[in-house]
Every structure is written in C-alpha cells, then in structure tokens.
Amino acid sequence: MKTNTKTNTLILAIAALSLPSLSFAKDHGKKGKHCEKIREHILEKFDADGDGELSEEEREAAKAAMKERKEAFIAKYDTDGDGELSEDEKQAAKDLIIAQYDTDGDGKLSRDERQVAREAGEDLPGPPRGRKGPRGGDE
Ligand SMILES: [Ca+2]
Ligand SMILES: [Ca+2]
Ligand SMILES: [Ca+2]
C-alpha cells in the first residue's frame with residue numbers, strides 16, 4: 001500500500017496542473033512547496049511547447065512516461081516474472097539501487113543521492129517522503 005504513495009503524489013501533481021486555481025499550493029506551506037517542486041520538475045520534462053502548463057496532450061504524455069518508467073522498473077527487478085514486485089523483490093531492488101547510488105557509502109540514500117538515482121531513471125522504492133515530514137536540517 002505504501003508503494004503507491006509516490007506515484008499518487010505525482011499523479012496528484014499532474015492533476016493539480018490542470019486546475020485553474022493553484023491556491024492550495026500557496027496555503028499549505030511545506031506541502032505546497034513540495035508540490036511546487038514536483039510541478040516544476042514535471043513541467044520541465046513534459047511541457048513540450050514551453051507555455052508553462054501542461055495541455056491535455058502533455059499530461060497524457062507525462063502519465064504515459066511515468067507508467068512506462070514504472071513498468072520498466074518492475075520488469076527490471078521482477079525476478080520471478082509475475083509482473084509485480086514482491087516484498088523480497090522490492091527489497092532486492094532497493095539494495096541494488098542503494099549499492100549503486102550510495103556515493104558516500106553510509107548504506108542509505110541521502111536526498112542528493114536519491115536525486116541522482118531519480119535523474120538516472122530509477123523509480124525509488126521505499127518509504128515515501130513526507131510521511132514523517134521531519135525538517136532534516138537540510139534546508
Ligand atoms: Ca505546454
Ligand atoms: Ca515478482
Ligand atoms: Ca549515502
């Protein structure tokens with residue numbers, strides 16, 4: 001159940017792009033900021049005509065790209081080929097990704113390391129951010 005949260009956030013962010021009013025993003029300080037970031041990221045990637053918003057078409061493309069990415073991720077780590085990631089497979093995927101992107105070798109992915117992994121196209125498993133919502137002092 002926890003695995004879908006990140007995707008949902010992205011879908012939510014995409015949905016938010018289609019709303020005429022984005023006032024909620026301003027009202028909810030931290031969360032708004034986070035959404036804003038995702039939004040910028042999505043726009044950067046999928047705003048093909050550069051008008052600063054996602055048209056129906058661009059949104060579809062964004063969704064398709066994310067779905068594709070997710071499917072590619074599953075295909076990559078679905079060792080028993082049942083089309084989904086079991087807890088074991090997720091754990092293995094996580095371990096592999098950490099091993100690959102843990103540049104400072106502390107055994108976990110910092111925000112920066114995660115960022116690098118994401119940019120490299122990994123759909124990172126693991127607990128979604130914002131559940132605990134600590135101000136980790138990295139601001
Ligand atoms: Ca556009
Ligand atoms: Ca599987
Ligand atoms: Ca690390």
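Student: Why is R69 called partly exposed?

Tutor: Count the other C-beta atoms within 10 Å of R69 and you get 14. A residue needs 20 or more to be buried, and 12 or fewer to be exposed. R69, with 14, falls in between, so it is partly exposed. Keep in mind that this is a predicted model.

Student: Where does R69 sit, and which residues does it touch?

Tutor: R69 is in helix 4. Leaving out residues up to four places away in sequence, R69 touches G121 and D123.

Student: What makes A75 exposed?

Tutor: A75 has 10 C-beta neighbours inside 10 Å. The cut-off for exposed is 12 or fewer, so A75 with its 10 counts as exposed. A75 is part of helix 4, which covers residues 56–77. From A75 to L85 is 10 residues in sequence and 8.8 Å in space, C-alpha to C-alpha.

Student: And A61, why is that one called partly exposed?

Tutor: A61 has 15 other C-beta atoms within 10 Å. Being exposed takes 12 or fewer and being buried takes 20 or more, so A61 ends up as partly exposed. A61 belongs to helix 4. Its C-alpha atom is separated by 9.6 Å from that of A48, 13 residues away along the chain.

Student: How much of the whole chain counts as buried?

Tutor: Of its 139 residues, 9% do.

Student: What is the chain built from?

Tutor: It has six helices and zero strands. Read from the N terminus, the order is α-α-α-α-α-α.

Student: Which stretches does UniProt list as "domain: EF-hand"?

Tutor: The unreviewed entry gives residues 42–58, 74–89 and 98–113. In the model, residues 74–89 are 44% helix and 0% strand, with the end C-alpha atoms 9 Å apart. Residues 98–113 also come out at 44% helix and 0% strand, and their end C-alpha atoms are 9 Å apart too.

Student: What share of the contacts join residues at least 24 apart in sequence?

Tutor: Among contacts between residues at least 6 apart, that share is 42%.

Student: How confident is the predictor overall, and where is the pLDDT below 50?

Tutor: The chain averages a pLDDT of 79, and 69% of the residues score at least 70. Over residues 20–26 the pLDDT is below 50, and this stretch has five contacts in the model beyond near neighbours in sequence.

Student: Why be careful with a low-pLDDT stretch?

Tutor: Because where pLDDT is low, the predicted coordinates should not be read in detail.

Note on methods
Residues are numbered from 1 along each chain as its sequence is written. Chains are lettered from A and ligands numbered from 1 in the order in which they are written. This is a predicted model: local features need pLDDT of at least 70, side-chain atom pairs count only at pLDDT 80 or more; totals for chains, interfaces and linings use all residues. UniProt positions are given in the numbering used here, feature names are shortened, and annotations may be inferred rather than shown by experiment. Helices (H or I, at least four residues) and strands (E, at least two) are DSSP runs, numbered from the N terminus. pLDDT is the predictor's confidence in each residue, from 0 to 100. Two residues are in contact if their C-beta atoms, placed from the backbone, lie within 7 Å.
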